Amino acid sequence: MLFAVLSGAYGAGVFGSLTPLGFQDPGSDSARAAKIAEKAFPQRTPDAVIVYRDEDRTVDDPSFQQAVVKQVESLPKADVTGYLHYWQTKMPAQVSHDRHATYVALNLHGSSEKAKEDSYKAVMDKIPAPGLQTLQGGTVPTGHQASEKIEHDLRTAEIISAPVLFLLLLVVFGSLAASFLPLIVGVLSIIGSMAVLRTIANITDVSVFSMSLVTILGLAVAIDYGLLIVSRYREELEAGYTGEEAIGRTIATAGRTVVISGTTVAAALAGLTLFPSTFLKSMSYGGVAAVVLAVLFSLVALPALLAVMGPKVNAFPLRRKKAARPAAAGEGAWYRFGHGLMRRRWVVVVGAVGLLLTLALPFSKIEFGSINAQQLRSTSEGRQVFDAMENDFDGDAVKSIDSLLVLKSDGTSKEQGAALQAYAERLGATEGATSARISGVEGTTARVSVTYDGNPISTHARDLVNRIKEVPAPPGAQAYIGGESAIYDDTLDALGETLPWMLLYIAVMTYILLFLAFGSVLLPLKAIVMNMLSLTATFGVLVWIFQDGHLNGLLGFDPTGNIEPNMPIMLFALIFGLSMDYEVFLVSRMREQYDKSGDSTEAVATGLQSIGRLVVSAAVLMCVPLAAIGMSEVLTIKLFGVGMVFAVLADVLVVRVLLGTAVMRLLGRAAWWAPGPLARFYDRFGIKEGDMPAEADKPVLVGV
């Protein structure tokens with residue numbers, strides 16, 4: 001209770017500490033170019049783009065000009081470091097086709113995304129001009145609008161999820177008292193994770209998108225673990241154990257499952273810290289915090305509550321309690337279902353693998369794209385500014401690939417001027433470039449801007465960036481290539497270089513943890529291969545929906561024709577970890593039965609009978625908050641929610657229950673095999689579900 005109060009009070013201010021974006025590599029050449037440009041040419045790349053429109057007057061009307069100029073000049077210089085409007089630049093690109101609108105480029109004070117957002121919040125209410133329609137967009141306003149929308153959507157998801165989860169827990173437990181317990185663990189995990197994120201945000205940048213993972217994962221995983229602990233405790237009570245004995249046996253069995261499961265999920269999410277982007281690092285911080293706290297409270301707070309409640313955990317039942325009786329061989333729907341799957345194992349394997357591979361086919365044509373205002377619905381201001389710049393104006397006056405040069409001497413000297421001009425001519429002659437010009441010289445810093453035709457995130461633009469990088473800089477100068485195309489190219493390069501290391505790390509960690517859990521050299525390999533099938537199927541469905549635009553009317557989003565490249569990587573780590581969650585739940589119970597009987601087929605069927613209903617219930621419960629967040633109006637958050645719902649249901653129903661059961665029968669006793677030295681290592685150091693007190697032979701109920 002003390003932890004809840006203190007962390008809740010501290011963590012409540014977490015949104016004010018988070019940064020709005022964080023998708024690019026902060027150590028890349030394009031990031032260095034942006035810092036150089038920010039210092040030397042602060043008006044070149046605007047932080048905000050403000051569109052002013054009047055349906056009756058044009059920009060040629062003196063009253064239109066006066067309204068805009070007066071409003072812009074009144075903005076506090078402590079927050080707005082510079083601005084460019086049409087009546088300064090006389091650039092036709094700053095006037096709409098119908099001449100009834102213009103845009104102003106603003107630069108905001110601050111050396112980081114968070115600082116610039118703070119400056120924007122200080123002036124956002126002072127930007128609208130009297131008598132004119134005003135739309136606020138560009139990088140910082142769009143990021144701020146996305147942050148506010150995410151905060152609103154998360155609160156809505158929590159409001160929707162809580163009562164639905166409680167009703168489903170009532171159905172699963174059939175008891176009012178027991179139904180509250182997993183929710184308590186979820187609440188503790190969420191508020192604790194918020195406090196952890198705020199603490200980390202005081203040390204380094206943390207993306208606002210991490211809050212979606214904290215809220216949803218903290219609730220979902222905590223409910224899964226709480227469900228497992230409470231269910232096993234009630235089972236031990238029904239088997240005749242009481243008090244501390246029942247709690248001890250629960251922690252010795254279900255508690256160990258929670259530890260190994262949580263460790264596997266946290267280890268997978270920790271792999272995201274290998275990437276340079278703030279977004280992926282933040283997802284790791286939030287995800288690991290949520291999972292670790294869910295494990296902690298499941299093993300500490302929940303047993304304490306169970307110790308206080310004792311048999312009253314079954315208080316206020318919704319249905320008449322059935323008399324307890326020992327399990328009998330061949331009993332139970334899940335037991336019979338498991339044997340049915342194993343008898344038709346080849347049909348199940350071929351059918352399940354065929355279905356997953358079919359769903360995965362669209363993944364082969366995935367197209368990546370940068371994150372921008374298109375993540376918001378067409379009704380938002382940032383998106384309307386983005387659409388106006390694309391449709392109502394001839395072109396973005398600041399769109400270019402920029403070479404930021406650190407020179408050996410003053411750029412205004414005759415020698416340096418000639419070298420810069422020769423460099424600009426070489427860039428202009430580069431294949432794919434339409435022109436190049438010296439667009440700024442400030443001391444020993446210069447900028448050469450290269451224009452081109454096409455989309456900034458197209459393959460054509462990326463190829464041009466790489467060709468520009470190959471052009472020799474002036475003698476003694478260091479060139480850093482910046483602009484949207486360069487940022488996108490550097491982001492893809494950084495992700496591509498780090499991804500193999502993350503995959504290797506996750507595979508090795510998963511194999512080690514599953515070996516310690518099951519004592520088998522084949523089961524970890526089986527789990528990893530099945531995970532890859534589940535993941536590729538999920539990515540195929542996401543491409544079909546979000547890239548190709550299917551179901552956009554039903555799900556309520558505007559398709560962009562591409563997928564932001566950070567999202568599949570984040571989903572890979574999360575889905576991989578959660579898939580192992582259910583693998584550990586199922587196979588741990590099977591291992592417990594195998595240690596008792598030595599019969600692999602019987603162990604699979606009995607384990608499925610013991611835990612199958614609980615695993616499916618846990619998956620359905622996890623999908624409730626994920627589906628709620630899938631209702632978000634922010635495209636990246638919607639993709640996260642929808643992708644996770646599909647991944648969880650497909651993984652549990654198709655991969656774990658159907659395919660997993662059939663493959664276990666194909667492996668037979670070999671599923672539990674390990675060579676002598678490894679078997680002895682497992683006997684000594686393995687994390688065994690079946691480590692029980694001496695009275696472990698008491699009968700256990702069929703079902704949970």
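This is a predicted model: local features need pLDDT of at least 70, side-chain atom pairs count only at pLDDT 80 or more; totals for chains, interfaces and linings use all residues.
Colleague: Fine. How many helices and strands does the chain have?
Modeller: The chain has 23 helices and 8 strands.

Colleague: And what does the C-alpha trace span along its principal axes?
Modeller: About 90 × 50 × 40 Å.

Colleague: What is the radius of gyration, and what would a compact globule have?
Modeller: The chain has 29 Å. A compact globule with 704 residues would be near 27 Å, so the value agrees with that.

Colleague: What share of the residues counts as buried?
Modeller: Of the 704 residues, 56%.

Colleague: How about contacts? What part comes from residues 24 or more positions apart?
Modeller: Such residues make up 80% of the contacts in the chain, taking those with a separation of 6 or more.

Colleague: Switching to rings. How many aromatic pairs does the structure hold?
Modeller: It holds 14 aromatic pairs. One of them is F166 with F180. That pair is tilted, at 4.8 Å centre to centre with 40° between the planes.

Colleague: Where do F166 and F180 lie?
Modeller: F166 is in helix α6, residues 139-173, and F180 is in helix α7, residues 176-201. The pair therefore ties together parts 14 residues apart in sequence.

Colleague: Is F166 buried or exposed?
Modeller: F166 counts as buried, at 18% relative accessibility. The cut-off for buried is under 20%, so F166 falls on that side. F180 is partly exposed, with a relative accessible area of 43%.

Colleague: What about W334 and F337? How do those rings meet?
Modeller: Their centres are 6.1 Å apart and their planes sit at 85°, so the pair is edge-to-face.

Colleague: Which helix holds W334 and F337?
Modeller: Both are in helix α12, residues 333-343. They are 3 residues apart, about one turn of the helix.

Colleague: And how accessible are they?
Modeller: W334 is partly exposed at 21% relative accessibility. F337 is partly exposed too, at 36%.

Colleague: Which residues do ring pairs link into a cluster?
Modeller: F64, Y86 and W87.

Colleague: Let's turn to backbone angles. What is phi at K90?
Modeller: Phi is positive, about 60°, although K90 is not a glycine. K90 sits in the loop between α4 (86-89) and β3 (101-108). With 54% relative accessibility, K90 counts as exposed.

Colleague: And L551, what is phi there?
Modeller: Near 65°, again a positive value in a residue other than glycine. L551 is in the loop between α18 (523-547) and α19 (552-555). Its relative accessibility is 38%, and L551 counts as partly exposed.

Colleague: Next, Q593. Where does Q593 lie?
Modeller: In helix α20, residues 566-597. Q593 is buried, with a relative accessible area of 15%.

Colleague: What does Q593 touch?
Modeller: G598, A603, T606, G607 and S610. That leaves out residues up to four places away in sequence.

Colleague: I was also looking at G82. Which strand is G82 in?
Modeller: Strand β2, residues 80-84. G82 counts as buried, at 5% relative accessibility.

Colleague: How far is G82 from T444?
Modeller: Their C-alpha atoms are separated by 21 Å. Along the chain, G82 and T444 are 362 residues apart.

Colleague: Last one, V5. Where is V5 found?
Modeller: In helix α1, residues 2-11. V5 is exposed, with a relative accessible area of 58%.

Colleague: And how far apart are V5 and G192 in space?
Modeller: 9.9 Å, C-alpha to C-alpha. In sequence, V5 and G192 are 187 residues apart.

Note on methods:
Residues are numbered from 1 along each chain as its sequence is written. Side-chain values use heavy atoms; hydrogens and water are left out. Helices (H or I, at least four residues) and strands (E, at least two) are DSSP runs, numbered from the N terminus. The radius of gyration is taken over C-alpha atoms; the globule rule is 2.2 Å times the number of residues to the power 0.38. Buried means under 20% relative accessible area, exposed over 50%, partly exposed in between (1.4 Å probe, protein chains only). Contact means heavy atoms within 4.5 Å. Rings of Phe, Tyr and Trp (its six-membered ring) pair if their centres lie within 6.5 Å; planes under 30 degrees apart count as stacked, over 60 as edge-to-face and the rest as tilted.
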